[in-house]
Amino acid sequence: MENWEDDDQSPVVTNMTLVEESHGKGGGGGFGTPGGNRGRGFRGQGGGFKSFSSGHDENRNEEVDGSSSWNGGGFSGSGSRGFKSDFGSRGGRGARGGRGAFRKDDDDEGRRRFGGGGGYRGRDEEVFSKGSQENGDGKDDGRTAGPKVNYIPPPPPEEENSVFAHYATGINFDKYDDILVDVSGTNPPRAIMTFEEAQLCETLNRNVAKSGYEKPTPVQKHGIPIISAGRDLMACAQTGSGKTAAFLLPILQHLMSDGAAASKFSEVQEPEVIIVAPTRELINQIYLEARKFAYGTCVRPVVVYGGTSTGYAIREVLKGCNVLCGTPGRLLDIIGRGKVGLSKVRFLVLDEADRMLDMGFEPDMRKLVNSPGMPPKEERQTLMFSATYPEDIQRLAANFLKVDYLFLAVGVVGGACSDIEQVIIQVTQYSKREKLLELLKTTGTERTMVFVETKRSADFIATFLCQEKVSTTSIHGDREQREREKALSDFRTGQCPVLVATSVAARGLDIEHVQHVVNFDLPKEIDEYVHRIGRTGRCGNTGRAVSFFDPEPDTPLARSLVKVLSGAQQEVPSWLEEIAFSAHGTTGFNPRGKLFASTDTRRGESFLKNQTPQPAAEADDDDWE
Ligand SMILES: Nc1ncnc2c1ncn2[C@@H]1O[C@H](COP(=O)(O)OP(=O)(O)OP(=O)(O)O)[C@@H](O)[C@H]1O
């Protein structure tokens, strides 16, 4: 039996270690503003929430989930305090070297194997684990050390109705047609106006119809023919405007018309398509979309991501794999084990491309494109999608693309979706909790995502809300994958209408009925803000985002915030304008100035060009992948 098979068969060990509730930096702090104040935090009214987390024994995990509920159906465990198993998946503080502050992923396998990162775990990560065997420089070695994860995610639904379940487009769907579109680069193909013009094969057309798609969104109108014409693409379109189908449909059409080999078992799989995304939940969502559009065809998508059993992932891949969706670490791991050959790769897709190319993931992307067998960029099609593209990342991205790639901008690059009503409330650190409660009283059972800066804050706020009888769950990088998926599912079904999340849930997640986003803590970077609020107001539906602005930590964001608000035709509070103005002096600040500048860096100018560089995301404190 091979090593990876053994991975799953290790005896269950549950070596529980009691962890003091107020351990870690700054005592029981961490509630409140990003970037500090950990010493004067909130400890929870009832003496703090205790949770249990065991990363190794699935059954135990289940018991644990049950036993850690609050207030009958409230907060379902958090995994950062209380008892923590030696085999909790995030055992050990990990070194903070290596990738440094931008490292976001928690999928160690690839990193260990490839000697990458250095295991940044976020600054309020706590040391629990005797079982996490670090080597001298803080890295785990994937094969020989560290806990084995044996979580096998539940199989996706098989019935057609569930596969094609979708939510309705909103009243503003037709307004997409009015959005300014800019395609730059040589000889762009003509846009299509209807799905018929996309000339998809019959099965794909049927699947598009069953998905409830009647007409393409702008990114689809332009993106589909560009990809079908064999061009490389860097596409920027606002959150919730259908970027996933914009790349999946032409890719699947290509595989169908090219007679992709029906997937079948083989010891080495050679996928034609590789799709990468920064978080586990997002890549799983993309996989489900691929599976939906490929329904009834011979094309087999497979997903691999951290926090789940590697053996299971490999078995799934070996059953047959045309489209391999993965988070970078796990993908590199499986490639490194020789289970996936890259020589047949025709398409490489980077979703949330700006994140995939920032300092955290860029080395992995380089490893991926330089992996043995990967066709050079001239011989594959590379496609990048996001709602935001900082200029420096655009320039970097160009290295991965053919020289004649096309740049597609739908609306303002980096702009927020105007279907989201954005409200900014000035607060102090200590008034945030009361404000949040007030807000949630008005939203009732409507689904609300509350973003906080740190994993510890996520636990505190979720606990606090549960104590206040608001059914809440949480998602962050310290939770077991099983717990993360359960949290998302409880939120999706409405069992817990409030989801407290770190940035791990900021990008890409497409959840029906999310009417509100609350930025309990504002992020350090404006792009992050745009993605977070984009969890509401999707696909022509309207939504509302309320952000708590505490001048102390948030002033550096003021200027970009004003620009994003005015760019999306939102009211800008005068106090915010004043803060933005005084923070940056009087020159060069024209919040109401021209926003839709040229967006392709090859033309030399772009939106938010004058924004002050934000500090590196040191305060970001989550594990992503
Ligand atoms: N043409 C269409 N008609 C109807 N619904 C659509 C269409 N295209 C996409 N959708 C739906 O719109 C929702 C948002 O799509 P998607 O998740 O691809 O957005 P996105 O642009 O990738 O967002 P984000 O930037 O947040 O990742 C999904 O539920 C998707 O099924």
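How far apart do the C-alpha centres of domain 1 and domain 2 lie? They lie 28 Å apart, in a protein chain that is divided into domain 1 (160-410) and domain 2 (420-583), with bounds that come from an automatic or database domain assignment. This is a predicted model, in which local features need pLDDT of at least 70 and side-chain atom pairs count only at pLDDT 80 or more, while totals for chains, interfaces and linings use all residues. Residues are numbered from 1 along each chain as its sequence is written.

**Where the two domains touch**

- In total, 25 residues of domain 1 are in contact with 19 residues of domain 2, where contact is counted if the C-beta atoms of two residues, placed from the backbone, lie within 7 Å.
- Helix 8 (280-293) and helix 11 (353-356) each supply at least two residues of the side of domain 1 that touches domain 2; helices here are DSSP runs (H or I, at least four residues), numbered from the N terminus.
- Helix 8 gives the most to that side of domain 1, with four residues.
- By class, the side of domain 1 that touches domain 2 has nine nonpolar, 10 polar and six charged residues, where Ala, Val, Leu, Ile, Met, Phe, Trp, Tyr, Cys and Pro count as nonpolar, Asp, Glu, Lys and Arg as charged, and the others, Gly among them, as polar.

**The surroundings of the ligand**

- The ligand is surrounded by 21 residues, of which the closest are Tyr213, Gly242, Lys243, Thr244 and Cys539; a residue is counted as near a molecule if its C-beta atom, placed from the backbone, lies within 6 Å of it.
- Both domains take part in this shell, since at least three of its residues are drawn from each of domain 1 (160-410) and domain 2 (420-583).
- Helix 7 (residues 243-257) provides the largest share of the shell, namely three residues.
- By class, the shell around the ligand has six nonpolar, 12 polar and three charged residues.

**Pairs of packed helices**

- Two packed helices are described by the angle between their axes and the distance between the axes.
- The axes of helix 6 (residues 218-228) and helix 7 come within 9 Å and cross at roughly 30 degrees, where axes are lines fitted to C-alpha atoms over the stretch in contact, and angles run from 0 to 180 degrees between N-to-C directions.
- That angle makes helix 6 roughly parallel to helix 7, because angles under 35 degrees count as roughly parallel, over 145 as roughly antiparallel, 65 to 115 as roughly perpendicular and the rest as oblique.
- Among the residues that make the contact are Val219, Ile224 and Ile227 of helix 6, together with Lys243, Phe247 and Leu249 of helix 7, and by class this contact has nine nonpolar, four polar and one charged residues.
- The axes of helix 9 (residues 310-318) and helix 10 (residues 328-336) come within 11 Å and cross at roughly 65 degrees, which makes helix 9 roughly perpendicular to helix 10.
- In this pair, Thr310, Ala313, Ile314 and Val317 of helix 9 meet Arg330, Asp333 and Ile334 of helix 10, a contact with four nonpolar, one polar and two charged residues.
- The axes of helix 17 (residues 526-533) and helix 19 (residues 558-567) come within 10 Å and cross at roughly 40 degrees, which makes helix 17 oblique to helix 19.
- Ile526, Tyr529 and Val530 of helix 17 make the contact with Ser560, Leu561 and Val564 of helix 19, and by class it has five nonpolar, one polar and no charged residues.
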